[in-house]
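These are my notes from going through one model, written down in the order in which I looked things up.

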Amino acid sequence: MSADNPTICFCLNVKKNTIVEAIENGAETVNDIRQATRACCGCQSCYADLEILLDKHAPKQDGSSDD
Ligand code: FES
C-alpha cells in the first residue's frame with residue numbers, strides 16, 4: 001500500500017518516507033532535506049509540505065520546553 005507513503009515532491013519524485021528518513025537522520029531545515037533527498041529542487045511547491053513534515057518528525061527536545 002502506498003497510501004501511507006505519498007509522493008511529496010512531484011518534480012523529483014520524492015516520497016514521504018524518504019523525507020521522514022532524512023529528518024530522522026538529522027535534516028533540520030528544508031535545505032537539509034533538499035541536499036539529502038533532492039526534494040524541492042524544482043518548482044518548490046512542495047516547500048510547505050516539507051516544513052510540515054519537519055515540524056511533525058523533528059526529534060523532540062527533552063525537558064527544555066518553555067511553552
Ligand atoms: S514538487 Fe517539489 S520541487 Fe516541485
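I began with the contacts in the protein between residues at least 6 apart in sequence, and I found that 43% of them join residues at least 24 apart. I keep in mind throughout that this is a predicted model.

Next I listed the secondary structure, which comes to 3 helices and 2 strands, and I noted that from the N terminus on the order of the elements is β-β-α-α-α. I also looked up burial for the protein, where buried residues make up 24% of the 67 residues.

**Entry on α1**

I asked which residues of α1 are buried. I found Ile-19, Ala-22 and Ile-23, and these lie on the same side of α1, because they cover an arc of only 100° around the axis. For the background I reminded myself that an α-helix has 3.6 residues a turn, so residues three or four places apart point the same way. I then looked up what the buried residues of α1 pack against, and the partners are β1 (7-9), β2 (14-15), α2 and α3. After the helix comes Gly-26, for which I read a positive phi near 115°.

**Entry on α2**

I repeated the search for α2, where Val-30, Ile-33, Arg-34 and Thr-37 are buried. Their arc around the axis is only 105°, which puts them on the same side of α2. The buried residues of α2 pack against β2, α1 and α3.

**Entry on α1 against α2**

I looked up the geometry of this pair and found that the axes of α1 (residues 16-24) and α2 (residues 30-37) come within 10 Å and cross at roughly 115°. That angle makes α1 roughly perpendicular to α2, and the crossing in which α1 passes α2 is right-handed. The residues that make the contact are Thr-18, Ile-19 and Ala-22 on the α1 side and Ile-33, Ala-36 and Thr-37 on the α2 side. Sorted by class, I have 4 nonpolar and 2 polar residues in the contact of α1 with α2, and no charged ones.

**Entry on α1 against α3**

How are α1 and α3 oriented to each other? I found that they pack at an angle of about 50°, with their axes 10 Å apart, and they are therefore oblique to each other. Here too I looked up the handedness, and the crossing of α1 and α3 is right-handed. The contact is made by Ile-19, Val-20, Ile-23 and Glu-24 of α1 together with Leu-50, Leu-53, Leu-54 and His-57 of α3. By class, the contact of α1 with α3 has 6 nonpolar residues, 1 polar and 1 charged. I also wrote down that Ile-19 takes part in the contact with α2 and in the contact with α3.

**Entry on the loop between α2 and α3**

I then went through residues of the loop between α2 and α3 (47-57), where Arg-38 lies. Arg-38 follows α2 with a positive phi near 75°, and I marked this value as one found in a residue other than glycine. Arg-38 counts as partly exposed, because I find 15 C-beta neighbours inside 10 Å.

Cys-40 is in the loop between α2 and α3, and although it is not a glycine, its phi is positive, at about 70°. Is Cys-40 buried or exposed? With 22 other C-beta atoms within 10 Å, Cys-40 is buried.

Cys-41 lies in the loop between α2 and α3, but the count there is 14 C-beta neighbours inside 10 Å, so Cys-41 counts as partly exposed. I searched for its contacts while leaving aside neighbours within four places in sequence, and I found Cys-11, Leu-12 and Arg-34. For Cys-41 and Leu-12 I looked up the separation as well, which is 29 residues in sequence and 7.2 Å in space, C-alpha to C-alpha.

Conventions:
Residues are numbered from 1 along each chain as its sequence is written. This is a predicted model: local features need pLDDT of at least 70, side-chain atom pairs count only at pLDDT 80 or more; totals for chains, interfaces and linings use all residues. Axes are lines fitted to C-alpha atoms, for helices over the stretch in contact, and angles run from 0 to 180 degrees between N-to-C directions. Helices (H or I, at least four residues) and strands (E, at least two) are DSSP runs, numbered from the N terminus. Angles under 35 degrees count as roughly parallel, over 145 as roughly antiparallel, 65 to 115 as roughly perpendicular and the rest as oblique. A crossing is left-handed if the near helix is turned anticlockwise from the far one by less than a right angle, and right-handed if clockwise. Two residues are in contact if their C-beta atoms, placed from the backbone, lie within 7 Å. Ala, Val, Leu, Ile, Met, Phe, Trp, Tyr, Cys and Pro count as nonpolar, Asp, Glu, Lys and Arg as charged, and the others, Gly among them, as polar. A residue is buried if 20 or more other C-beta atoms lie within 10 Å of its own, exposed if 12 or fewer, and partly exposed in between; C-beta atoms are placed from the backbone. The arc is that of the directions from the helix axis to the C-beta atoms.
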